[in-house]
Structures are given as structure tokens and as C-alpha cells.
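Here is a short note on your model. Please read the points with the structure open beside you.

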Amino acid sequence: MSAQTNPLIDDGLIEFLLYDVLNAESLCELEGYEHHSRETFDLFLDSVRRLARHDLLPTYKPMDEELPEFRDGRIVTHPSLPHLWRKMVEVGVLTGTRPEAVGGQQIPMLVHMMATAYLMAANLSAYGYIGLTLGAAHLIEAFGSDEVKERFMAPMYEGEWTGTMALTEPHAGSSLADITTTAAPTEDGYYLIKGSKIFISGADHDVTENVVNLALARIEGAPSGTKGISLFAVPRLRPENGELVSNDVTVAGLIHKIGWRGLPSLALEFGDVGDCRGWLVGEPHQGLRYMFQMMNEARIMIGVNGAATASAAYHEARTYALERKQGRRLGDRGADQVPIVEHADVRRMLLRQKAIVEGSFALLGTAARYADVANRGPESERERAHLLLDLLTPIAKTFPAERGFEANALAIQVHGGYGYTSEYLPEAYMRDQKLNTLHEGTSGIQSMDLLGRKVVAKGGAPLRALAEEIALAVTEARAAGCDAELCDAVEQATDRVVSITMELGQRGMAGDTDGMLGHSWDYLDMMATLVVAWQWLRMAAAARTRFKDEPTQQARLHGTEAAAQYWIRTEVPRISVLAELCRTAEDSYLKAQPDWF
Amino acid sequence: MKILVSIKRVADPDNASKLKVSSDGTAVTSEGLEWKMNPFDDWSLEAALRLTENAAEKNARVGEVVLVSIGPNDEHTQRIIREGLAKGAERGILVEADDANLDSNVVSQILKAVVDKENPDLVVMGKQAADGDSNVAGTKLAARLGWPIINYAMKISTNDDGKTLEVKRELDTGVATVKVTGPAVITTSDRILQPESVKNGITPADHQYAKLEVGGRYASLKGIMQAKKKPIDQMSLGDLGIEAKVALKYTKFELPPARSGDTTFVESVEDLVDKLHNTAKVI
Ligand SMILES: Cc1cc2nc3c(=O)[nH]c(=O)nc-3n(C[C@H](O)[C@H](O)[C@H](O)COP(=O)(O)OP(=O)(O)OC[C@H]3O[C@@H](n4cnc5c(N)ncnc54)[C@H](O)[C@@H]3O)c2cc1C
């Protein structure tokens, strides 16, 4: 299948999720969204979709093959990038969700997510520049002084400069508390920054003239650990007397990556010659707290990266399975070979991909909707939405990344030996996907965040809220006439998850940390399996209600029901196994010693 | 400069495989189809927008583009007008009419009535519509108006606000350059999307538009929000004093024969030539 004809994401799915499952139109009643309507949502989706298919997708393979170069201390990126960057900025994805005061149009997060997913599916690295710039500018918008906003946020939101997140250091990746980059105050309002960063994506390129690094550093004399870290805007070039001059940020190396190859990740040196200036964002020592406040948004975006990448590969596989002829149906001695989609095992692979991809989008959309309500909903609903968003975030980040990787591998499998060649796209999507389990907190870190922090927060209120939401969905699915056995299975699994969570929480309170967290990975897997089952039940119910009597939508109805059935019958039974591992604190690897490996 | 641009909603040509012919064979049914702006009109809208803006000043508008769409007064027609407004046009006109009562004869009559009301300096139209592919409405309109018609424009330049224009036309045999004094009707070819195809004497002459892959510019989110405040006038044929008299009658539609998806691999160039000559009979 040629790249140009891959739809990337099924338009009908997005329409169904937005309007039939997640009721996006009702968001127009929320404070600040009143000026929107379904028409604006649809026109925006349409523009972004076309941009993804016509401009971003054709550059995907060239960008994967023609890598950035490190030349004379600067990074040279793919020549198509400046044009793509301009177009993405012009269409409004950079500032779409931001208020008018900073040049945005305040579109709901939910709609922005579904639109930008197409750009991610088309060319993850090209969209990466937008994602990073939005993240950096938003941090300054939320916490920076007016001066810092004017100097650094404004040019980013205008698309003149791009942004980065400069957190990681060679010895401090997951453990940001250990960063050692320093910031020395001066009398002129800025700090002198010194230190090494690694893996900083987008820190140098020739897409725009300048880059603003949002860097974590320690002010001299600050307390150790997480409480002594501050956030700084450290531009590559600094504005001085109306000109941009070097700010002593040097590229120490270009990292050779297996995916996201259009977006250079760099080793950086701040202050090689002692003249790297950084401007404090917000208050001293609050850097990590600021980062954490923006974390839901950033992590959910990684989840969308995952769902989008799995979706693009799924569509490649789907088309291939319809076209590739190989073998005959069981028992058929006929002369003609049949398209491989006729084989049960190929259908299994396709349905599994569909369940993962569409389940991920539904979960992410649900999280985005909670974010919208948490920000702009009626006062009475905000707190609950916040609890649910916090709880779902580590799952919405990890499930699409981990299971998306599995879906990506299945897309290769559907292609047989051809999938293992670079003539076809699935291998590239799989390489891209892998990053999503690593950056913005590895999956392991997410699992501890979920079990160690999120589900036990506020005396278990988030989990109770989730259980109520699932119960509501089960009731609605029953009323819509969904298969009673599926409804029962989800109901029972929820009870199991709630009871094991209480048990683990009690262990934690009694000081048995290993007993509580030793199986955090299995716990995350279990929870993700449940919330995705919840999404599939909601989709099945909405599809029945909406499409039952529509002759042109029967394939969508049956496809949705089959995927819901697949997920609940084949995955939900694992929940009791996983719960049992948590309950017994099964100790094979807990007791394993380093010299056993 | 004031430009009238006609836009038609057509069944999404990318979904042509979903097209069906009615059982008596006299009509194409539109059930379950998605509607979008005729892609040819999208190109002409792009040309009109370039003629009426300063691209060097963030596409600041320096002229006026009025959109007119003829069709049922439903969400699909309204949506393509809104899309055009979101891309930059200033106003829309929706002339309500039933598809069954429309052919190029009636359409050109309606457009003439709108031109008489609006007095534009130019009418820019798609060379054809992606559904009927008839390629006559522009020429008929020009004939009714007694204006010059320039079909298949691939380059348009003006220096005096559209009073005189130099237009390059794309022909099978090459490129013809014509000079015309407005008002005139112009239809465009896809080459009009090229980075330097339109010069309006205001956008600096060396300005290069971004390369467009398949259609005109995308509506931006900002443009979409601004479009909500732009007016769409609705009128009926009666308001324009027109009685719809369809002159063209469709007698039969047939779907093209299904294409066989078989792929044949060839061993050599000779083999390929042989297959093309003897099996496919195309050379
Ligand atoms: C392509 C790419 C782009 C990146 N872009 C950026 C960027 O733009 N800006 C930026 O700041 N960073 C960036 N990073 C860095 C990324 O965020 C880190 O790689 C990530 O945080 C993990 O840190 P690490 O690589 O040091 O791994 P480590 O922290 O060393 O982790 C190694 C393994 O140990 C596990 N582990 C570590 N600590 C614990 C613990 N406490 N409990 C349980 N398990 C643990 C991890 O889960 C992982 O499996 C990028 C990385 C890559 C690969």
C-alpha cells in the first residue's frame, strides 16, 4: 500500500468517539468554549486531516531515511521541515487550545487531541516540534512572569521559535532529583547556567532561527533532592539590543536513534565559556512542582503518539490483508488463492490491533474530556474530573505505548516476511513506537505512579469514582441491549480490581512497600485491561444505540461489537490472574539476587 | 478588487467507490456519501484569495471575495461556504435550489443574476465540477454576460487591481498567454496552485507561496472562528427572478466496469512490451 493512501486514522471512528461516545458537543456549554460548535470542530478536523495526509505523510519515509547531520557545531535537519512547521503553525495546532490572549482559539482539549492525532500518525517527528514547543510555551504561560512571557513565550506561540524540555542528564533520567546543572544568580536578573544535558529533543535545528530550552537546574545553595530544583528558560540565542546573540549553549553530540529520526535529540552543554544565561520561570525551587502540574497533559500526549503510531500501522496491515493473496481456506481445494484476511489467524491479528488502537483512542479521549471538565466544567464537577484524570493519566500514557508496540509488531506479522523489510512502513512505525514506553517517565515509573500514588490518593476517592463510572457504563450497556455476559464480566472484574487495590493499599499503610508495589507492573496491566474493557463496553453500547437502524453503518456496528467482545472475552479473564499475582506478592523476581541473572 | 467565486458541494470524489446508480439508471444516488467542496472550486478560490491579499503581510486582505453556492439549503452546502469563509473569503451567498432542477444552463442563469447584483471585477470558477465533469458553466456564464472567458488559467497577473490581466492558459499543445480587460470570467487549472502562479501587484512580486500538494490552503482554526461572524445571504431562485428550466436531460448512468486487481510480474522489458501490446492492448 502506498503511504499516500493510508487514512492514518479512521475518520468514522473519530466522529463516532467525539459525537456518540464522548459527547464533544456538550463541551460547548462549558465556560470559555461557548464560541465553538460542531461545525468549528469538523472544519478544524478536516483541515488538520488534510494537512496530515497531503503534507506530513509523504515526508515520513524520507525523514526516516535522511537523518539530521551535525555540521560545524550546528544541526542540519530535513529540508521539508520549515515548510511543514509553518503549515502546522498556520493551521492553528500550536495554539489551538490556548486562550485568545496568547493568540489561541481555546478549542477543547478533546477535539485538539483527535485532530492532532492525525499529524502524529502521519509523521511523529514533524509533529514533535509542535508538541515540544507547546509544552515549553505552556509552562511559561502558566508560571512565568510577564517579562519572561513576552521574551520567550510569545515568539514560541507565534511559531517564530521552538521549545524544548531540557530535564535529562547523563546520571539523572528517571531520577530527576539527582540533576546537577547549576544556576548562579547575577545582579542583572538572569542566572548563569552550567551543566550537561542529554537526549534533549529539538534543541538545535534549522527549522526556526531560535530555540528556548526549558531547563531544570539547581540554584547555588538550594536544598538537595526534588525540593531544590528550579525551572529556567535558556535560549540557544538570546535577544540583546534587538539582536540575537549566542547564549553559550553548545551541541556536544547528535544521538543516533532508531526512530523519530526527523527530530534530533542532542547532548547539550550549558555554559562552556561561562556565559550561558537562564531566566527563572516562576519561583525558585518550584521547578519539579511546575513540571508535575503540566505532566498530565504531556503524558497524555505521549499516549496519543502511541495510539496514532499503532493506528497508522494497523491501516497498513488492514489494506495488506485485503490485497495479499495466499493459501486457501481450510478444507477448500479450489484453485485460487484467497486474500489473507480470510484466514482466522490473520483476522485475530487485525481484530487485536483494532481493539488496541480504538480502545486507546477512546481511553485518551475520555481522559481529555476529563481534562476539559476539570479546567472549565461547573465547579461541582471539577474535582471529580480531576481525580479521574489523575488516575487515568499513567494508564493513558502506558497502554497505548506498550500495547501499541504489540499492535505494531502484529502489523509486521500480517505482512509476513515483507513486513520485516524496509520496503514497507510497519517496521518504521514499530521503531517510532518504542520511544513512547521510555520518555516522559518509563512504563515502570508509570506503574509505580499509578499504584503508589494515584489509586491510593485521597483515601481511595479516585478509584471509587472510576468504579462508579464503570458501573454506569455497564448499566447503559445493559439498557442498550449489549451481551449480558460481557456486562457481567466487566462488572465482576471491577469488583476484583477494587478489592485487590484496597488490600495493596493496606499493605502499603502497614509499611510493607514490597508487598504493595512489587507487582506494580502487573497492577498497571490489570488496571489498563479493565479501563479499556470499560471503553469497549461504552463503544458497543453507543454503537448499538446509534447504528442499529442505519443500513450504511452495519459494518461499523458489527466491527465495534466484535472488538468489544474480543477484548472482554480474551483479555478481561487475565484480570483475576494478575490480581492473584499482586495478592500473593509472587516472589520469583522479588527474591532474585543480582548474581542470579 | 472584488471577485465572485462559485463553489459547489459534490459527493467526495475520494469515495467514488461508494457511488450507486438508481435502479432506473437515470440518476446517481447520494445516499451515505460525504460531501465536500468541488476540488476544482477549491483551486479557483485559492487563486481568488491570492489576488485579493498581501501575502507578505500575513495574508492581509486587500480585496473582496464573495462566494456563491447553489444547492439545497442544508448543512453540507452551508459547510462548504463556511469553509471558504474560513480560508479568507469575506461573504457567502447561498442560492437555494434542488439538484434535480440544476444544469449548466440554470446555473449560468443564476450566476448571471448574482453577477448583476454584485458587480464583481472578476468571476473565478473551477474549470469543471468533479461530479458531472461537464466543463461548460463558466463559458455559458461568460456568454450570458457578454464577458470574455479565459479557461484553464495556470497563471494570472495583474498590476492595476484586476482591470487588465495577463493570463497563461494550459493547453494540450502548450501554454497560451492572453491579455484581457476585465470584467471577465476565468476558470483555473491545478497549475494555479504553483508557488508563483498569481501576481496581484500588491504581494511582492518575488513572493513564493508554499507549495500546495493537492488543493488550496487549509482553513486555519483562527479563520474558522472568524468565519462564524461572516454573513451568508440566502436567496431563492424567485428572489433572483429566475425560473429553473433544465435544458439537459440525463438518459442513462452506468458504473464503470469493475477493475481487476490482478498484478502480473514481468521478467524483462520485452515481456512487458509484449504484455502491454497483446494482453492489455494498450500500445
Ligand atoms: C529519543 C529520546 C528523546 C528524548 N527526549 C528528551 C527530551 O527532549 N528532554 C529530556 O529531558 N529528556 C529526553 N529524553 C530522556 C528520557 O526522558 C529518559 O531517557 C527517560 O526519562 C529515562 O531515563 P534514562 O534513560 O536515564 O533511564 P533510567 O532512568 O536509567 O532507566 C533505566 C531503566 O530502569 C528503570 N528504572 C529507573 N529508575 C527506576 C525506579 N526508581 N524504579 C523502578 N525502575 C526504575 C526504568 O524504568 C528503565 O527501565 C529522551 C530520550 C530518548 C530516548
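1. Start with the span of α11(A). In this predicted model, the helix has 36 residues, and at 1.5 Å a residue it should span 52 Å. Its end C-alpha atoms lie 49 Å apart, which agrees.

2. α11(A) has a bend. The angle is about 40°, at A:Leu392. A proline, A:Pro394, follows within four residues.

3. Look next at what comes after the helix. A:Gly416 follows α11(A). The phi of A:Gly416 is positive, near 60°.

4. A:Ser422 sits in the loop between α11 (379-414) and α12 (426-434) of chain A. Its relative accessible area is 46%.

5. Which residues does A:Ser422 touch, leaving aside its neighbours within four places in sequence? They are A:Lys61 and A:Glu427. A:Lys61 is 361 residues from A:Ser422 in sequence, yet the C-alpha atoms of the two are 9.8 Å apart.

6. Now chain B. B:Ala56 is placed in the loop between β6 (53-54) and β7 (60-61). B:Ala56 has 43% relative accessibility and therefore counts as partly exposed.

7. Beyond its neighbours within four places in sequence, B:Ala56 is in contact with B:Thr203, B:Pro204 and B:His207. B:Asp172 is 116 residues from B:Ala56 along the chain, and 34 Å separates their C-alpha atoms.

Conventions: Residues numbered from 1 in each chain as written. Chains lettered and ligands numbered in written order. Predicted model: local features only at pLDDT ≥ 70, side-chain atom pairs only at ≥ 80, totals over all residues. Heavy atoms only, no water. Helix = DSSP H or I, 4+ residues; strand = E, 2+ residues; numbered from the N terminus. Buried < 20%, exposed > 50% of the residue type's maximum accessible area, 1.4 Å probe, protein only. Contact = heavy atoms within 4.5 Å. Expected span 1.5 Å × (residues − 1). Bend = angle between axes of the 7 residues up to and from the residue.
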